[in-house]
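Reader: Could we go through this structure together? I would like to start with its charged pairs and then move on to its packing.

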Amino acid sequence: MSASAVHSLWTSAVDPIAKIDAPKIEYAQLAPTLIVVGAAILGILIEGFVPRRSRYHAQLFVASVALVAAFAAVVALAADGYGTTKAGIAAMGAIAVDGPALFLQGTILLTALVGLFTFAERRLDPQAHGNRVDSFAAQASSVPGSDGEKKAVKAGFTTTEVFPLLLFAVAGMLVFPAANDLLTLFVALEVLSLPLYLLCALARRKRLISQEAAVKYFLLGSFASAFLLFGIALLYGYAGSMSYATIAQVVDGTIAEVDPALVNTMGNDVLLLVGAGLLIMGLLFKVGAVPFHMWTPDVYQGAPTPVTGLMAAATKVAAFGALLRVLYVLLPGLRWDWRPVMWAVAIVTMLGGAIIAITQTDIKRLLAYSAISHAGFILAGVIATTPEGISSVLFYLAAYSFVTIGAFAVVTLVRDAGGEATHLSKWAGLGRRSPLVAAVFAVFLLAFAGIPLTSGFAGKFAVFKAAAEGGAVPLVVVGVIASAIAAFFYIRVIVLMFFSEPKPEGPTVAVPSPLTMMAIGMGVAVTVVLGVAPQYFLELAGDAGVFVR
């Protein structure tokens, strides 16, 4: 056969121009995420080209404008009906634009904005060599205690890279609850996790504990990502697709045409059950549910407190959003298999978090175990498998995220010579030394405990009501018992602050800049408003509680 004949065969067999379709991307519907990613890239350019003395203000300006603009884009999409009538799938099936996605994205952006204010705080520590300092290491690459670190502190360096890292993490969080195929889910998980691993290691004080926390988080997070990826591989082997809708149809047996190559695997329930189990395991790690919670107290304690606040609030919102979508859109046909498992996880998470919190002597570890028990309460709403279950979880996440970030902002204010005074004994008598700060912290603790007229009560009531209507009454009973146990250690801290004698060598309360005041003020405002008048926000969550399939 001549060379020209071979060439003609080759060109006719593969027409390179006809085969590749240009991707169809709905940029307007993806605007919130694109704005945040664009600002993060701009932040990297600022690090490279703007003089060091101007970087802090430039980064803070870019990050705040981006988060506000992205929130405005979410509101515009919701007002245009993308949360209800126009809900659909964007980016060639990769991203869902629907009520839960927009509600959770709005919550993440607002909590990230409040978190940004705590990141930017520079008035809490005394000035070093005439320069204002923030919560982050002067030069992250230098060994703790080395000459390089001392020189960086003396020169007044600041790690302004934390702002683009925050934006990249937020971009991952925005995609995570909206992901509509398994590959997008995994990419979003990595994009939100990797910046957080770095941010955890950047504490200015107690750097060795901070670096240890980051290594623990990175190693355990990598294991969880591996479980998730292995689960994705098994589900792809089972259904021959990464798309949530296609896998759900294969699970239900309603798929229209079956690929002959997949006939054998589609009947293999082992692939399905093990794959789904590994996938859910990876998500429960991010949520911080027992028994995948071991990283939470160590990381919360070691990370810089502004980073802890951001992780405790925004990451939990994103992870629960992704878990809801996986259970309600991807695996509704496996409900009878995953519900009993989630029952067990919810019970041990509620009780485990509440009981172990009683023994804690460090305020950040106490809030970490509190976060674990709250994950159990939210799981009660997830188990309801009703529209009320979805909307109650959305409301609880919105209420919980602001209380959490406000509480961690207060923790940054109580300081002694070694930086933040996180040991509980040092908080004794704080109510007499600084009544306003103690009163604000007491409001947050009462909200965590679920006392009426706080957002915590409205959230817990909505979640437990949905669970009871969904047939999970025993779970609600356990939840109420766990809440009673949890109330003990929250009220113990309030008693310690207001009814103990202040020690003469006790900590001082730093006077923050308007940035931290705004963060704490927003936390208090949301806590009170959602507690006193929750109806509008419950209806908003109810309207947003329908997944597009």
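This is a predicted model: local features need pLDDT of at least 70, side-chain atom pairs count only at pLDDT 80 or more; totals for chains, interfaces and linings use all residues.

Reader: Good. How many salt bridges does the structure hold?

Author: There are 14 salt bridges in the structure. One of them joins the side chains of Asp98 and Arg325, with an N to O distance of 2.9 Å. Asp98 sits in the loop between β2 (95–97) and α5, while Arg325 belongs to helix α14, so this pair ties together parts that are 227 residues apart in sequence.

Reader: Is Asp98 buried or exposed? And what about Arg325, buried or exposed?

Author: Asp98 counts as buried because its relative accessibility is 0%. Arg325 is buried too, with a relative accessible area of 1%. The cut-off for buried is under 20% relative accessible area.

Reader: Which residue does Asp125 meet in a salt bridge?

Author: The side chain of Asp125 meets that of Arg205, again in a salt bridge, at 2.9 Å from N to O. Asp125 lies in the loop between α5 and α6 (147–155), and Arg205 lies in the loop between α8 (182–200) and α9 (207–239), so the pair ties together parts that are 80 residues apart in sequence. Asp125 is buried at 9% relative accessible area, whereas Arg205 counts as partly exposed at 30%.

Reader: Which helix holds both Lys216 and Glu212?

Author: Lys216 and Glu212 both lie in helix α9, 4 residues apart, which is about one turn of the helix. Their side chains meet in a salt bridge with an N to O distance of 2.9 Å. Lys216 counts as partly exposed at 29% relative accessibility, and Glu212 counts as partly exposed at 42%. Through salt bridges that share partners, Glu212, Lys216, Asp298 and Arg365 are joined into one network.

Reader: Why can such side chains pair at all?

Author: Side chains of opposite charge can pair when their charged atoms come close.

Reader: Let us change topic. Which residues have the most contacts inside the largest nonpolar core?

Author: They are Phe176, Leu185, Leu379 and Phe441, in a core of 189 residues. Helix α14 supplies the largest share of this core, with 18 residues.

Reader: What is Phe176 in contact with, leaving aside its neighbours within four places in sequence?

Author: Phe176 is in contact with Leu185, Ala188, Leu189, Leu192, Leu283, Ala318, Ala319 and Ala322, with those neighbours left aside.

Reader: Staying with α14, where is Thr305 found, and is Thr305 buried or exposed?

Author: Thr305 is found in helix α14, which covers residues 305–330. Thr305 counts as buried because its relative accessibility is 2%. Not counting residues up to four places away in sequence, Thr305 touches Lys364, Phe408, Val411, Thr412 and Glu420.

Reader: And Thr118? Which helix is Thr118 found in?

Author: Thr118 is found in helix α5, residues 99–119. At 7% relative accessibility, Thr118 counts as buried. With residues up to four places away in sequence not counted, Thr118 touches Pro306, Ala409 and Ala519.

Reader: What does Ile247 contact beyond its neighbours within four places in sequence?

Author: Ile247 is in contact with Leu182, Ala239, Ser241, Met242 and Leu330, leaving those neighbours aside. Ile247 has its place in helix α10, residues 244–252, and counts as buried at 0% relative accessibility. From C-alpha to C-alpha, Ile247 and Ile108 are 28 Å apart in space, and they are 139 residues apart in sequence.

Reader: How many residues of α7 are buried?

Author: Helix α7 is mostly covered, with 13 of its 14 residues buried. For its length, the 14 residues of α7 (residues 162–175) should span 20 Å at 1.5 Å a residue, and the end C-alpha atoms are 20 Å apart, which agrees.

Reader: Finally, the outside. Which residues form a nonpolar patch on the surface?

Author: Ile41, Leu42, Leu45 and Phe49 form that patch, and together they have about 430 Å² of accessible area. Phe49 is found in helix α3, residues 31–49. Phe49 is exposed because its relative accessible area is 70%, and the cut-off for exposed is over 50%.

Terms used
Residues are numbered from 1 along each chain as its sequence is written. Side-chain values use heavy atoms; hydrogens and water are left out. Helices (H or I, at least four residues) and strands (E, at least two) are DSSP runs, numbered from the N terminus. The expected span of a helix is 1.5 Å times one less than its number of residues. Buried means under 20% relative accessible area, exposed over 50%, partly exposed in between (1.4 Å probe, protein chains only). Contact means heavy atoms within 4.5 Å. A nonpolar core is a set of buried Ala, Val, Leu, Ile, Met, Phe, Trp, Tyr and Cys residues joined through side-chain atoms within 4.5 Å. Patches are made of residues with over 30% relative accessible area and no salt bridge: like charges are joined within 9 Å, nonpolar side chains (Val, Leu, Ile, Met, Phe, Trp, Tyr) within 5 Å. Accessible areas come from the Shrake-Rupley method with a 1.4 Å probe; for residues, only the protein chains shown count as cover. A salt bridge is a side-chain nitrogen of Lys or Arg within 4 Å of a carboxyl oxygen of Asp or Glu.
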